[in-house]
Amino acid sequence: LGEFDGNFADALTHFRTNFPKLSEHFDYCVIDTPPLWSWINFAALMVCDYLFVPVQLGRFNVDGVKNLSDSIQSVNKAARAKPIILAGIVPNMVEISDPQQIELMTDLRNAVGAYLFDNYLPKRRHFAHAMEAGVPTWRLGKDVRSSMPFMTKFLNEAMRRIDEGNAA
């Protein structure tokens, strides 16, 4: 979509028109956007069925989750016939040995209830190293298997939430 950087209206129109044509080529499509509100996020929200929100635990981030519903409502009103299903909020880059992180997860659960995933994704340096190098984690030559149980639990919970959303 880079060619449309200067013309957001055309970019959104083309994205909305062309994205559904791709659906025959995948069962699931993950659209990962930056954590800033932009037309790219708006485009992703126009075409998604389910929304998973990764959130780093910090006082400002916990407060920011409360504003998420405003963005979803804006997109639902402006660009969607069927509302987005908020499938969950995922604690991300959690330092489980830090008592403050555990307290923040509790605060977040109190703020968002069942939207908060039961599972979390721990902070792992190899994810950052892979991103910095522009390669998948398994190409680093490091033992990344320690992250697999967390990712597997996250993906299983994500699929369960999608299945429950389809049943509703």
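**Notes on the predicted chain**

1. Starting with the surface: the protein chain exposes about 11,100 Å², and carbon and sulfur atoms supply 56% of it. Those areas come from the Shrake-Rupley method with a 1.4 Å probe, and for residues only the protein chains shown count as cover. Keep in mind that this is a predicted model, where local features need pLDDT of at least 70, side-chain atom pairs count only at pLDDT 80 or more, and totals for chains, interfaces and linings use all residues. Residues are numbered from 1 along each chain as its sequence is written, and side-chain values use heavy atoms, with hydrogens and water left out.

2. The protein chain has 7 helices and 3 strands, which run along the sequence as α-α-β-α-α-β-α-β-α-α. Both kinds of element are DSSP runs numbered from the N terminus: helices are H or I with at least four residues, strands are E with at least two. Of the 168 residues, 33% count as buried; buried means under 20% relative accessible area, exposed over 50%, and partly exposed in between (1.4 Å probe, protein chains only). Among contacts (heavy atoms within 4.5 Å) between residues at least 6 apart in sequence, 69% join residues at least 24 apart.

3. Have a look at helix H2, residues 39-47. How many of its residues are buried? The count is 8 of 9, so H2 is mostly covered. Among the buried ones are Trp-39, Phe-42, Leu-45 and Met-46. Their cover includes helix H1 (8-22), strand S1 (50-56) and helix H4 (68-79).

4. Ala-43 itself is one of the buried residues of H2.

5. On to charges. A search of the whole structure finds 5 salt bridges, each being a side-chain nitrogen of Lys or Arg within 4 Å of a carboxyl oxygen of Asp or Glu. In one of them, the side chains of Glu-95 and Lys-123 meet at 3.6 Å, N to O. Glu-95 sits in the loop between strand S2 (85-94) and helix H5 (99-112), and Lys-123 in the loop between strand S3 (121-122) and helix H6 (125-133), so the pair ties together parts that are 28 residues apart in sequence. Glu-95 is partly exposed at 36%, and Lys-123 is partly exposed at 39%.

6. Another salt bridge joins Arg-109 to Asp-118, with the closest N and O atoms 3.6 Å apart. Are these two buried or exposed? Arg-109 counts as partly exposed at 31% relative accessibility, while Asp-118 is exposed at 57%.

7. Glu-157, Arg-160, Arg-161 and Glu-164 are linked in a network of salt bridges.

8. What else does Arg-161 touch? Leaving aside neighbours within four places in sequence, its contacts include Ala-87, Gly-88, Tyr-115 and Asp-118. A polar atom of the Arg-161 side chain lies 3.2 Å from the backbone oxygen of Ala-114, and one lies 3.1 Å from that of Leu-116.

Notes: A polar contact is a pair of N or O atoms within 3.5 Å; within protein, one must be able to donate a hydrogen and the other to accept it, and residues adjacent in sequence count only if both atoms are side-chain atoms.
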